[in-house]
Every structure is written in structure tokens, then in C-alpha cells.
Amino acid sequence: MQRCDCLMLAAGLSSRMGSWKMMLPFGKSTILDTSIENALGFCHRVILVTGHREAELRAHYQGNTRVLLVDNPDYREGMFSSIQVGMQHVKGEHIFMALGDMPCIQPWIYAALWQERGEFTLIPRCFQGNGHPILLPASLIQEIKNAAPQLSMKTLIQRGDHRFLELGEAAIHWDIDTPEDYLQFSQPAAAPALS
């Protein structure tokens, strides 16, 4: 376990799913439980940014000393508002940023990115497509904190030093946004084959 944080976003409405997805069953727990457990398989702490149904998530995780819950009352303003709220609580020189609806990302993916860390944003790639989690340097953490709210994460990353790490792991793309995604990824036998 490394003494680094993972900022995990779980504030959204799950509008494309048609129902709230974070606490849907996944494996032996839930989508969000699994995402957090995988992150904590490498990281020291998860900073969990909540918004929609914040009280339920707070009740669920309040006993976990390795999960810091941070509420974003303005979560309807978009993902960047949640990122900015979460970044106020970051400690350390680097931070992973992950999505709560990506439970297939295993701890070794965090480890592989950490091994190649530097003063740049590091983005995992597979089949020429970018994925998550991403690893941010201290300089970008400060920039995010100070950024105008109308900016996007993509803009900040692209205008700074950013690099890619080829992992050959399709799970970096698998976010559960729709009922079809949930059906596919919650049944291991039906999940897309790794290359």
C-alpha cells in the first residue's frame, strides 16, 4: 500500500442508467464498494466525492477510516465541480483520479501507473483509447484548485505536460453508464475478453 490518495467521483445522478447505480449489486458487494476496494488495494486513502444521495453514501462508509467523504452541494454543475471540491483535501505530491462506476479496474493498474509517475499527468491507454484512473502531479492539483469553474479537466490536462502508459487492459475503459453496461460487466463470463 502506497501513501497516496485516490480521488473517486460518485456524485452524479446516474441519468443514463435510469436508476442510481452506485449501490447496485456487483460481485459480492456493490459497484462503488468494488471500485473503492480496488483503489484501496494500492492507495492509502480514497477521497470519495458525493452529491446525489449523499446521506446514503455517508451512512454506508462512515465507519471506514480509509474513506474520506466530501460532499459537493453543486454536483449538478458537472464533474469538474466535484473534482475541485475533492482536490481541496488531497495530501501528497500525486493523486489518482478515478470514477466510482468503474469496478473492473484492479489494483495492479494503479501500481503500474505509480511506477511511472513524474511531474506530468499520466493516462493509461489500451487499443489507442484513453482510460482511468489517471495520475496527476502536484502542479496540476494546485491548478485545479485555482481554476475557473467553467474550465474542464480535459482542457487542463491537454494544456499541460501529459503522457500515456500502454497497459493492454481493456478494463480501463469499462464504466457502467447504462443497463446494458451493467448487464455486461456484472457477469464476468459476459465481459469483453482482454487482449
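## Core, helices, salt bridges and pocket

The model is a predicted one, so local features need pLDDT of at least 70 and side-chain atom pairs count only at pLDDT 80 or more, while totals for chains, interfaces and linings use all residues. Residues are numbered from 1 along each chain as its sequence is written, and side-chain values use heavy atoms, with hydrogens and water left out.

Tyr110 also belongs to the largest nonpolar core, which has 65 residues; Met8, Leu48, Phe96 and Tyr110 touch the most other members. Such a core is a set of buried Ala, Val, Leu, Ile, Met, Phe, Trp, Tyr and Cys residues joined through side-chain atoms within 4.5 Å. Strand S1 (residues 2-10) gives the most to this core, with 6 residues.

How do the helices sit? Buried means under 20% relative accessible area, exposed over 50%, and partly exposed in between (1.4 Å probe, protein chains only). Helices (H or I, at least four residues) and strands (E, at least two) are DSSP runs, numbered from the N terminus. In helix H4 (residues 107-115), the buried residues are Ile109, Tyr110, Leu113 and Trp114. These cover an arc of only 135° around the axis, which puts them on the same side of H4; the arc is that of the directions from the helix axis to the C-beta atoms. Helix H1 (residues 31-40) is mostly covered, with 9 of its 10 residues buried; among them are Ile31, Leu32 and Ile36. In H2, Glu54, Leu57 and Tyr61 are buried. Viewed down the axis of H2, its buried residues fall within an arc of 65°, so they line one face of the helix.

Now for the charged side chains. With a salt bridge taken as a side-chain nitrogen of Lys or Arg within 4 Å of a carboxyl oxygen of Asp or Glu, the count comes to 7.

| Pair | N to O distance | Relative accessibility |
|---|---|---|
| Arg53 and Glu56 | 2.8 Å | Arg53 36%, Glu56 40% |
| Arg58 and Glu54 | 2.5 Å | Arg58 32%, Glu54 19% |
| Arg159 and Glu143 | 3.1 Å | Arg159 55%, Glu143 31% |

Arginine 58 and glutamate 54 are 4 residues apart in helix H2 (residues 54-61), a separation of about one helical turn. Arginine 58 is partly exposed, whereas glutamate 54 is buried. Arginine 159 forms its salt bridge with glutamate 143. Arginine 159 lies in the loop between helix H6 (153-158) and strand S10 (162-166), and glutamate 143 in helix H5 (residues 138-146), so the pair ties together parts that are 16 residues apart in sequence. Elsewhere, a network of salt bridges links Lys21, Asp101 and Asp177.

Finally, the largest pocket holds about 890 Å³ of space. Of its 35 lining residues, Leu9, Met79, Leu99, His132 and Asp175 are the closest to its centre. On a 1 Å grid over the protein atoms alone, a pocket is an open set of points where a 1.4 Å probe fits, with protein on both sides within 12 Å along at least five of seven lines; lining residues have an atom within 4 Å of a point. The volume is the space filled by probe spheres set on the points, which are joined across faces, edges and corners. H6 gives the most to the lining, with 4 residues.
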